Amino acid sequence: MYEKYIIKKGDTIFGISKQYNINPELLSLINGLNMNDYIYENQEILIPKSGYSYYLTKSGDALDDVLKLFNTNYNDFSFMNDKILLEEGQLFSFKRL
């Protein structure tokens, strides 16, 4: 679901996001960063692979809501996600067909 990327001199979250056509907030979230955090040369971050959908849970989300969002069933969804706790701020991914 992710590929590794090594930060190069002059890289920014916004620049990497643009290069990979990713929402900068999603890229920051996946890597445990705040939008304004400094990134370091040779630091390794994860880049979401294309062909996947991502969703960050909100307070009050129910599993049925997330399954509908991904247009899938529980068995397929649970295969792609280790934990299904539906805590606020949890990131889920699902491979688009």
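**Reading the contacts**

Tutor: Start with one residue and its neighbours. I45 touches E3, K4, Y5, I7, I16, L27 and N31, leaving aside residues up to four places away in sequence. Keep in mind that this is a predicted model.

Student: What is the general idea behind a core?

Tutor: In soluble globular proteins, nonpolar side chains tend to be buried together. Now the case here. The largest nonpolar core has 14 residues. Within this core, Y5, I7, I16, L27, I39, I45 and I47 touch the most other members.

Student: Which elements give two or more residues to this core?

Tutor: They are helix 1, helix 2 (24-30), strand 2 (44-48) and strand 3 (52-56). Helix 2 gives the largest share, 3 residues.

Student: Is Y5 buried or exposed?

Tutor: Read the relative accessibility. Under 20% is buried, over 50% is exposed, and partly exposed is in between. Y5 has 5%, so Y5 counts as buried. Y20 has 29%, so Y20 counts as partly exposed.

Student: And the other pair?

Tutor: Y38 and Y40 also form an edge-to-face pair, at 4.8 Å centre to centre and 75° between the planes. Both Y38 and Y40 are exposed.

Student: How do I read a salt bridge?

Tutor: Side chains of opposite charge can pair when their charged atoms come close. The structure holds 1 salt bridge. It joins the side chains of E44 and K4, at 4.0 Å from N to O. E44 is in strand 2 and K4 in strand 1, so the pair ties together parts 40 residues apart in sequence.

Student: How exposed are the two partners, E44 and K4?

Tutor: E44 is partly exposed, because its relative accessibility is 46%. K4 has a relative accessible area of 61%, so K4 is exposed.

Student: Now a helix. How do I find its buried side?

Tutor: An α-helix has 3.6 residues a turn, so residues three or four places apart point the same way. Take helix 3 (residues 63-70), where V66, L67 and F70 are buried. These residues cover an arc of only 100° around the axis, which means they lie on the same side of helix 3.

Student: Which exposed residues does the face turned away from the buried side carry?

Tutor: D64, K68 and L69. Note L69, a leucine on that exposed face.

Student: What follows helix 3?

Tutor: N71 does, and its phi is positive, near 55°. T72 lies in the loop between helix 3 and helix 4 (74-80).

Student: Is T72 buried or exposed?

Tutor: T72 has 18% relative accessibility, so T72 counts as buried. Now look at its neighbours. T72 touches L67, F77 and F94, again leaving aside residues up to four places away in sequence. L67 is one of the buried residues of helix 3.

Terms used: Residues numbered from 1 in each chain as written. Predicted model: local features only at pLDDT ≥ 70, side-chain atom pairs only at ≥ 80, totals over all residues. Heavy atoms only, no water. Buried < 20%, exposed > 50% of the residue type's maximum accessible area, 1.4 Å probe, protein only. Helix = DSSP H or I, 4+ residues; strand = E, 2+ residues; numbered from the N terminus. Arc of directions from axis to C-beta. Phe/Tyr/Trp six-rings, centres within 6.5 Å; stacked < 30°, edge-to-face > 60°. Core = buried A, V, L, I, M, F, W, Y, C linked by side-chain atoms within 4.5 Å. Contact = heavy atoms within 4.5 Å.
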